[in-house]
Amino acid sequence: MANGGPVEHGFPHLETVREAVTALYRRLSYDTVRTFSASVAPADVAFCDTDDLYLGTQRVAHELVRHYRLPDARMIVSFREMTHAANVELTAGPEYFIELNDRFRTHRRDIGAALAHEVMHVYLHRLDLSFPSTRDNEILTDTATTYLGAGWLLLDAYREDAASSQKLGYLTPEEFGYVLAKRALVFGEDPSVWFTSPQAYTAYGKGMARARRDERQPPLTAAGWAGRRRYARDRRHAQDPQAAGAAVGDPYSFTAQPPGQLRVSFPCPTCHQRIRVPVRGRVRARCGLCRTVLECDT
């Protein structure tokens with residue numbers, strides 16, 4: 001939790017974020033991901049200063065349990081002084097103990113954001129889905145929270161001005177915006193209408209611009225002139241028998257297997273699983289993981 005300190009910006013964790021989106025689709029399946037088409041509603045996690053601290057916190061935790069479809073899980077929430085925003089004890093259940101930073105006693109509007117991350121830890125624990133390192137696992141948790149409909153709370157908790165700053169989660173504001181944009185493009189949802197933080201709008205806009213770039217990478221037909229020209233140059237190089245087999249494009253790469261049959265592989269702009277298609281001009285490809293239909297000019 002950045003509390004008055006510097007806030008990291010940009011996209012330093014982008015590759016891990018993309019791996020997390022792929023892992024979600026592989027573990028949950030397309031059909032299960034689609035069941036999260038509706039985000040957590042602001043009214044369901046609203047917290048007024050006049051609400052009882054503990055009753056209100058338990059109510060918000062219950063709403064997040066319901067959103068993640070964990071009906072047999074019970075969250076016991078307490079507050080204490082700590083460095084991080086929150087912590088959850090992952091056990092066999094059905095009771096899970098969550099500790100929130102004492103800061104949230106007086107910053108109650110952000111309790112939903114902190115709980116969204118911690119309850120997602122429980123969800124992923126039950127799925128047995130994790131990444132090897134602590135850092136990558138936290139990025140997976142932030143990404144899953146956002147892609148499955150509760151992460152707009154984490155971006156909305158980001159506030160920064162000349163005198164103070166606050167940010168929850170391990171992703172940068174722009175990376176939260178990127179995952180929110182990925183979700184918005186899949187489900188046709190506009191999360192920006194729920195933001196109360198002015199800085200969240202800016203971060204979401206930058207994330208959307210980066211997400212749109214994924215849809216304009218060659219060999220997709222939506223690629224711009226410069227991308228198509230670069231792709232044509234790399235394709236000619238790959239068709240040289242002395243060079244075939246080398247990865248010469250980014251993020252696409254060419255292989256000649258079997259010999260004489262050139263193929264190009266590239267990441268799906270929705271789930272980032274790599275797709276491989278033959279190099280033979282206009283091709284329509286369908287991602288087997290997220291079922292996105294892609295128009296390609298190979």
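**Charge pairs and a helix crossing**

Analyst: Let's start with Glu 63: with a relative accessibility of 18%, this residue counts as buried. Keep in mind that this is a predicted model.

User: Is Asp 234 buried or exposed?

Analyst: Asp 234 meets the side chain of Arg 233 in a salt bridge, 3.3 Å from N to O. Arg 233 is partly exposed, at 45% relative accessibility. The cut-off for buried is under 20%, and Asp 234 comes in at 6%, so Asp 234 counts as buried.

User: How far apart are the closest N and O atoms of Arg 18 and Glu 15?

Analyst: Both sit in helix H1 (residues 14–28), and being three residues apart, they are separated by about one helical turn. Arg 18 is buried at 17% relative accessible area, while Glu 15 is exposed at 51%. They form a salt bridge, with the closest N and O atoms at 3.1 Å.

User: How do H8 and H9 lie: parallel, perpendicular or oblique?

Analyst: Helix H8 (residues 173–187) packs on helix H9 (residues 198–214) with axes 7 Å apart and an angle of about 55°. Roughly parallel needs under 35 degrees and roughly perpendicular 65 to 115. That angle therefore makes H8 to H9 oblique.

Technical notes: Residues are numbered from 1 along each chain as its sequence is written. This is a predicted model: local features need pLDDT of at least 70, side-chain atom pairs count only at pLDDT 80 or more; totals for chains, interfaces and linings use all residues. Side-chain values use heavy atoms; hydrogens and water are left out. Axes are lines fitted to C-alpha atoms, for helices over the stretch in contact, and angles run from 0 to 180 degrees between N-to-C directions. Helices (H or I, at least four residues) and strands (E, at least two) are DSSP runs, numbered from the N terminus. Angles under 35 degrees count as roughly parallel, over 145 as roughly antiparallel, 65 to 115 as roughly perpendicular and the rest as oblique. A salt bridge is a side-chain nitrogen of Lys or Arg within 4 Å of a carboxyl oxygen of Asp or Glu. Buried means under 20% relative accessible area, exposed over 50%, partly exposed in between (1.4 Å probe, protein chains only).
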